[in-house]
Amino acid sequence: MSEQLKFITQELKKEPFSKTYNLISFDSLEPLQLLQVLNDIIAVIDPKQKLDIREESPDQTAIRIFTTLRVLKYKPPNESTFRAGLVQGDKLVIYPILEWLLKRVPELQKRAYLARFLVKIDVPSEIMAEEGIPDLYAQYEELMDQFKDLHKQAEKLRSSGFNTGEIRKDISNMEDEKEQLNKRIERLKRKVESHPNSQTMMNVARNLRLERDKEKKLAEQRQEQATLIQHEEQKIRRLQQQLHDQRQTSVGANPDTLLQRLEEETRTNKYIVTERLPKDITGRRKTLQDLQRVVAEPAMGQSDLDQLNSQISELNSEINQLMEKRMLASRDPDDKSNLFRQQASIIAHKKEAAVETYRGLRDEYNHIQQEIEQKRDMVKEAGGGEVLKGEDFKRYVNKLRSKSTIYKKKRQEIAEIRAEVGVLSRTEEILRQRDENMNMQLSALENKKGVAGYRQTQEDLEKVSSVKSEYDDRKGKTLEDMSDMVTRMNRKIAEKKGALAPIIKELRPLRQRNTELTAIFEEKKHSYETANAGLESNMAKLEQEVRGYHEECKQEESRYHYLNCMIRMIEMQQQKVAEEMKAYTSSDPYTRKKTFRELYQRKVQEQENLGKGLREQQKTVRESHGPSMTQMKMWKDLERLMECKRQCMERNAGMTAQGISSYGEAPPAVLEDDRLVL
């Protein structure tokens, strides 16, 4: 309880409550004040509940608080004592409610806000039978569903991390960037306009941009088509695999076995659809309902969980007892149907186990098929072919054998060619040696005749002429390629123009239509803005008037409460005066003793007696003041004399210990008498 009180007082000190309670003052609150604190907390959660509970009857207060707590989904620990304790303002009932409310203020504010729009209005049946009311109620429910959807969207937007400040900052940054881009465009326009062929170049650039946009769109369409083709190929491969499986299963089969297999598969699927799937759907729905019910309930503590666990254990024990009773009742020796029931239950369990096994195998088969498809896609992306099976694999093996025979033949031919290459390389070496010998002989002969270098010069001229002819051929080919390229580009441009001509024809009326619609839109926008400005100004004036009226209402209401309190105080004073007069004029002495007059007279007499005693005491003190002061002075003198004597005795004792006396005299042999007279 102390921890609970400490938590409540700490939370009430915070905003928006701002209550200055401590543990003692809060625990000493009256039931009416405690209910007022509870009502103030509920008013923070739901502003419609803000009022003074003294202005309404206790029954109305109890009903209103009951309704609010039910909307907020408060679960009382004991329903029977809860209502009576809440009406009486019992602390044992109010404190848990305050703790529960203060722990969940933001959540409960949201719930109270939603309850204003989502709690349906109870319409009596006789009113629902009137004409137009059912349609109106259906429209009301439809608007409620729309509000739910809009609220979910708003919550999703709030939780998505978007911040208005960041968005405004991004917008301002984008506007700055837009301004910078406009400035750059203006500079580029001025720079381009100074060029002599600026218009032609702008047209060419515009056409180039349009063509690139079209090329990009075509590339995207090509990518989409490629994706669709890939999906279709996968579908074709899957269908081919199914066809191949069907052919494999149909090998050595007759129509009877095929029909029997189909009938078995049909029975299995029928059992799954008619018996197994409805059970699964029912179980899933029940689980979903349980989860929704758990989510709708308020948060549970450890005590609630312990209570639920105890209830579960009790229910389980009851179920076990009922099952034992059922088993004992079913052990009738005269009843022969028990054996058939057991066999039927065993068969049903086996059937369910077989269905589960079948579903598991089918899921595993589908998973393996997906893995096979993924592996095939990976092999295809890596550049490999498809995995072959059956007849395709046999044909592939035969093809490999024929290629192996060809490979062996080609290998033998390569060996023969290599041998011939060896012979030719030796022949080339011999001929190169002979060529060198002949060159040496020709050089010697040229030197002898006086024309040295003639052969080398002739070879160089032949090389230069051959290189020149090659360059001429290459240049001619380049010019032909350029002319072909220009021709192709002109042809493509003509084709594009021809393709764009009908589109441009269609675009012209659309542009005209766009211009007309833009003018209409601007006109409507201007009229809308004008009407909106007028309505906003009128609305601002009305809001100001409403605020003024609200202030007047608050002032009058506070004045009313003040006057009401003053009237009550005056009435109480008048009642006290009437009671005093009645008791004073009464003939009963015991009743007269209870009056304030008698009470005050007794107190006045007591105070007068006390004052008389104090005056006598003062007189005694004044009379004894002079002798007392003289005696106090004498005692102070005595104290000073005794202190002096003590010091003298200490000094004499110190000198005696050292063997000297004061002023060179020996210490007296006999102590003198003490002549102090008091």
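Contact here means heavy atoms within 4.5 Å. The model is predicted. By that criterion, the buried residues of helix α9 pack against α7 (105-118) and α8 (125-128). These buried residues are Tyr137, Met144, Phe147 and His151. Helix α9 covers residues 133-159, 27 residues in total.

Helix α1 lies at residues 2-13 and has 12 residues. From its first C-alpha to its last it reaches 17 Å, close to the 16 Å expected at 1.5 Å a residue. Gln4, Leu5, Ile8, Thr9, Glu11 and Leu12 are buried in α1. Seen down the helix axis, the buried residues of α1 fall within an arc of 165°, so they line one face of the helix. The face turned away from this buried side carries Ser2, Glu3 and Lys13, which are exposed. The cover over the buried residues of α1 includes α2 (23-27), α3 (31-45) and α6 (91-103).

Record annotation was also considered. An unreviewed UniProt entry places the feature "coiled-coil region" at residues 137-249, 305-378 and 525-559. In the model, residues 525-559 are 100% helix and 0% strand. The end C-alpha atoms of residues 525-559 lie 50 Å apart.

Terms used
Residues are numbered from 1 along each chain as its sequence is written. This is a predicted model: local features need pLDDT of at least 70, side-chain atom pairs count only at pLDDT 80 or more; totals for chains, interfaces and linings use all residues. Side-chain values use heavy atoms; hydrogens and water are left out. UniProt positions are given in the numbering used here, feature names are shortened, and annotations may be inferred rather than shown by experiment. Helices (H or I, at least four residues) and strands (E, at least two) are DSSP runs, numbered from the N terminus. The expected span of a helix is 1.5 Å times one less than its number of residues. Buried means under 20% relative accessible area, exposed over 50%, partly exposed in between (1.4 Å probe, protein chains only). The arc is that of the directions from the helix axis to the C-beta atoms.
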